[in-house]
Amino acid sequence: MKINRLDFIRIAFGMTIMPLNATKTAKNPLLASMPHIKDYTHMWWVKGFPSLIPNSPWVRCIQTGYYAVALDTETLQIPHFGTLHTDMDYISCARSDNSAWLKLPPAQLELSITANGKTYRCRSGGKWTSFTGPRLIESGRFLQRADVTDLVFISNDGSRLNAEARFETAAWPNRLGLILAARPGLIPIPAGEACFGRVGGGYGLNGANHLDIPDCPELDTDRFTLEFWVYLPTDYQVTKTFPWVACKNGNEEADGNYGIVILNDIPQARMNIGGGRDNEFTINPSPGHPMNFEAWNQMALSYDGYIMRFYLNGDIAGELKIDRKRNPKHGDLAFGRRQDNSGDGYYFRGGIDEIRIYDHALTPAEVHALYEHPEAPGLEMKPVLERHFRADGKAFMTRPYEQWENASLEIGLTAHNKFLYKRMNLRDDHGGDIQWHEAYLTFHPIDSHEESSPNPIRVTAFEIPTGKARPVEFDEARGWHNINLDGVVPITPQGDYEKQNDAMERVRLLLTNGTGVERIARLRFEKSANGIAQNIGSPITGMSAMLRDVNGQPTGIPVQLSKNWHNRPEGGVYVGPWFHGVSQIRLPAKSHVELELTIVYGHWGGVAAASHTQLCLIGWGSNQLWDESALGSWGESICYEPDQVQGECGILDVRPVMVLSMNDNLKWNWTNNVGGGDFVRLFNASGKRIYPERMHSAYQRYGPCLTEVTYAGKTGDAMEHEVTVSLTRSDDIVRGYYRLRLNVRKTMKFSRFVIFQIGADTYSYTGERKMAYGNENGLMLEWNTHWGGDVYRTKPMECMGRTPWMSLHQAVARSATGAWANRGIVIRTWNARIGGEKTPPWIAEHGVNTQGADTSTMDIIPPPGVSRLEPGDYVEATFEHIIMPQYAKDYYGPNQALHSALTRWENTWQMVHREAMGNDRRVSIRTGSLELLYPDIRIRSKGNRAEFMLTGGLGYVPITFMGLTAMDGYILHYDGTTLNQSVHGNDFWQTDYDPTTHTWSRTYNIKTDDDTQHRIVFSQVT
């Protein structure tokens, strides 16, 4: 018999977990490796995000089950740090106030850089902007990573070091890494002819100056070419508005205007013939023509009386047929700002060189010749204007860095009467590519004990089924073993193209602790964009990761999900795209643990998988917490932002699933955004918005059958609140489930209070021409919406009945391609006291203007006449947020019941009424106890057994069995038949572990698109 590499390892190491010198006897062999009750992390802004809340400090807190640390990101001081003596579990900590860590003493952080014989000490962190200052990198259950950029280092004589430096914190439940990363700074771009150039010297634009070339008749003809070189730094945008690199004759709405702007990192050529907005012509570069940042780029714009062409770096980047006679005008030609200097000036930061203007349109070959030989193009036709700069100036292809000699980085921390210190000496010979250097402290905050080096844990990883070893490296600063998964080949069932949705990646993990004490293996599973081998959809958007045992049984050990797919150069070392799965495994003394990492994309068990991920925004902007949930792996489904930094609301982008894509009408890709929504939107008596504070995020379930994440905090001094958001595995539509809890502690007068709304006052990408509401008996009222105005368009309407629902339909598409969607709300549970009185839900249409367009929201509000919250007021509610395809022709998914309903009721309120009643679940328990009906039917088992009768449900209904004493050894019968949805084996249920009770749960999704009664029995395998 031939034994392959993996089989040999299995034989050598034994089964799932095994002491090195003993046999396995435990009933639950992996129990020793499961998370403890304190194995969690939280990170939040202590009083809400400071840019939204006046006088809120820039203090970011990290709290785990073992310690807490608060960092002032402006001063880089640590006002509170130490061990916590509490028994709070993960969700209790999310709901807690700041009292536990506010009692902790301060610690002294010291950061310094020595260069060229002088020592510089850090005095402050960078201010928050869209791309700089405090940034969030990775966040979730086990790991919180954040940094602060643009650190300021000052010497004793007051001079400032030109350095690019950032301070990073990498926090695990019982380990903390403090990291100073730095390198010599780029030399600033000087104003005027002191600047370096492409050929000799150039002309520097520092964001406050500009270069003006006065008009003369030969410079503005009906046919022309403008060609020049531009140095593009990452911080090219100076003001809020996009910058003009070159601009002649006023602005884009002026007759005769032409020029080049940079809009969201994309250069755009503009020309106006005839004046006004309707006569603007623009060219965006086609794919494959990117600009080079921190480098010189050739740009050219030409018009021959018929075709307008835009060139980038010697090639045609785009062209537009216009066929109009251009009317020359007599404004100046400005470089570095809009020529009329209106607004904030539209200033540009960068360098300009080798300007040439021709009174005709150059051919593509001639433009390419200028690109190849900017110093001496040798063209027969001379330009009407050439502008060179200092011949004795220096030319650099990339911006030079400062030079440091005898340099070092130092980091020190004084805490608990202990001083920790590290110094990193830098080489003097940096070469042409300036690398980042790091000095770091890594320790256990419980006793300030520094972590031993080298790390005693051994981690190896092998691809299944090939046995190919995966690269594993230990990062001492951040404490993880990084397992690189680039290029792992997905295992795909045979079949057509769409079978790739069932692809699965499997990697065997072997973890060894040879020491005499328990150790923790901290793992990061890493994929870059080029390493994702899945070939259908938008795979990074919906990746789910799971740890299973050697038999493919899900263990319940969470895998934290973080992703980034943003590419702006300001992202620096964190720029995407990438996927990071993070987990930690407890390893008993002298033991081996064998696990399997499983990654799926579109499907889990043949049905669209549900996932909830922290999406890093570095490389996009704002750089704070943004969460993205996805049904399948074909784009975002529902996005959340608890601190409300970008959209000033809790629900942002929302997209339908399994309808035609937004750009090219394809299947299995990004769909149009119909987003916007919010919870607990409060305005005080004078009409001022009160923003949420102290927002914690607790990731209880990451998927792939059911997600569950709680956002908890407070609004003002009066109100504590939390919302638990969920998405479930299904084959039909996106359903967001929101369980809201709100408690009023103090009296609070308000001018407006929205308990829940779809879309949001400040963020809405769609609008519907009709709204309706009703209950289990059908329609109560339908009306034509009235958009805009920032006023309520209807009087408050009381929602009566057992199952209130609201429909927003006849949506008006804002895109010429791709399907659109309608929206709806079903109130699944409601219990409220507002203004001291028990109350049902009330609704009203609210007209708003957002994203530059009028629309309306559907608001759930207090009863009319109530303008005061009283202590003891509360709301407990479960909302179902429905994203409904408009038309049957748009939906290509497998759910025939949905398709038939759309054929009959498309674009009407009947589709939301169908959802309200069809998904009305009725459960009759025979064994066990019912804890929830939505988002999942949650049943606490009795002796690892549960039995009930189910009536109702649409798509795939999630069912969770709680209180299980082992992670495996169970079976589910559905109407007397064993349920088996597996594609690869054991790949259709989800297991989660509860460290507070030392028990497991299992979640299944059962297909139910009828109103008949079904018998469901869950039991142990006999």
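Trainee: Which residues form a nonpolar patch on the surface, and with about how much accessible area together?

Mentor: This is a predicted model, in which local features need pLDDT of at least 70 and side-chain atom pairs count only at pLDDT 80 or more, while totals for chains, interfaces and linings use all residues. Residues are numbered from 1 along each chain as its sequence is written, and side-chain values use heavy atoms, with hydrogens and water left out.

The patch consists of Met780, Leu781 and Met800, which together have about 240 Å² of accessible area (Shrake-Rupley method, 1.4 Å probe, with only the protein chains shown counting as cover for residues). Patch residues have over 30% relative accessible area and no salt bridge; like charges are joined within 9 Å, nonpolar side chains (Val, Leu, Ile, Met, Phe, Trp, Tyr) within 5 Å. Leu781 belongs to strand β53, residues 778-784 (strands are DSSP runs of E, at least two residues, numbered from the N terminus). Its relative accessible area of 38% makes Leu781 partly exposed (buried is under 20%, exposed over 50%, partly exposed in between, with a 1.4 Å probe and protein chains only).

As for charged pairs, the structure holds 73 salt bridges (a side-chain nitrogen of Lys or Arg within 4 Å of a carboxyl oxygen of Asp or Glu). One of them joins Arg694 to Glu720 at 2.8 Å, N to O. Arg694 sits in strand β47 (residues 692-702) and Glu720 in strand β49 (residues 719-726), so the pair ties together parts 26 residues apart in sequence. Arg694 is buried at 3% relative accessibility, whereas Glu720 is partly exposed at 23%.

Terms used:
Helices (H or I, at least four residues) and strands (E, at least two) are DSSP runs, numbered from the N terminus.
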